[in-house]
Amino acid sequence: MIGSARYWRETPQRYRYEAARCTGCGRVFFPPRTVCGQCRGREFEKATLSGEGTLETFTIIRVAPSGLTDQAPYAVGIVALPEGVKVTAQVVDTDPEELSIGDPVKLEFR
């Protein structure tokens, strides 16, 4: 059943940061793809992302959409991982006003 909690828990790329590494050129894709955007290869191997990276850019949301108004202000940023992948995520457990580009961050699924 697609709507079950178990299905979503077992989606590897969402919960375990599993990516796909092209066996032809080595490029890493997250989420995984079926065709490599670099060499057009169709053979991939599983690659688990390190989960630690660098804050490449961010923005602070001060006027949040309905349903998130109690969380404002909060930060959303792009994290560059050493595997060559960039992930967009909410930045938590820090004061948004003290963030700086280049800060080290750790990805955690919540």
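**Entry 1: I78**

I looked up I78 and found it partly exposed, because its relative accessibility is 28% (buried is under 20% relative accessible area, exposed over 50%, and partly exposed lies in between, with a 1.4 Å probe and protein chains only). I78 sits in strand β5; helices (H or I, at least four residues) and strands (E, at least two) are DSSP runs, numbered from the N terminus. I then listed what I78 touches, leaving out residues up to four places away in sequence: T54, L55, E56, T57, K86, V87 and T88. Contact here means heavy atoms within 4.5 Å. I78 and T88 are 10 residues apart in sequence, with C-alpha atoms 4.5 Å apart.

**Entry 2: basis of the values**

I note that this is a predicted model, in which local features need pLDDT of at least 70 and side-chain atom pairs count only at pLDDT 80 or more, while totals for chains, interfaces and linings use all residues. Residues are numbered from 1 along each chain as its sequence is written, and side-chain values use heavy atoms, with hydrogens and water left out.

**Entry 3: whole protein**

I counted two helices and seven strands. Read from the N terminus, the order is α-α-β-β-β-β-β-β-β. Of the 110 residues, 26% count as buried. I also checked contacts between residues at least 6 apart in sequence, and 42% of these join residues at least 24 apart. The protein exposes about 7,500 Å², with 49% of it supplied by carbon and sulfur atoms (Shrake-Rupley method, 1.4 Å probe; for residues, only the protein chains shown count as cover).

**Entry 4: the three-stranded sheet**

I traced an open sheet of three strands in the order β2-β1-β3, with antiparallel pairing (two strands pair if DSSP finds at least two bridges between them). β2 (28-29) and β3 (44-48) are the edge strands, each with a single partner, so one side of each has no neighbour in the sheet.

β1 covers residues 18-22 and pairs with β2 over two bridges. I found A20 bridged to F29 and R21 opposite V28. β1 and β2 make a hairpin with five residues between them, and G26 in the turn has a positive phi of about 85 degrees. On the β3 side, five bridges join β1 to its antiparallel partner, with C22 opposite F44. Four of the five residues of β1 are buried.

**Entry 5: nonpolar core**

Which residues touch the most other members of the largest nonpolar core? Of its 14 residues, they are L49, L55, V79, L81 and L107. β5 (74-80) and β6 (86-91) are the elements that give two or more residues to this core. Such a core is a set of buried Ala, Val, Leu, Ile, Met, Phe, Trp, Tyr and Cys residues joined through side-chain atoms within 4.5 Å.

**Entry 6: largest pocket**

I looked up the largest pocket and noted about 610 Å³ of space. Of its 23 lining residues, the closest to the centre are Y17, A89, Q90, L107 and E108. α2 (12-15), β5, β6 and β7 (104-106) each supply at least two lining residues, and β6 gives the largest share, five residues.

For the terms, a pocket is an open set of points on a 1 Å grid over the protein atoms alone where a 1.4 Å probe fits, with protein on both sides within 12 Å along at least five of seven lines; lining residues have an atom within 4 Å of a point. Grid points are joined across faces, edges and corners, and the volume is the space filled by probe spheres set on the points.
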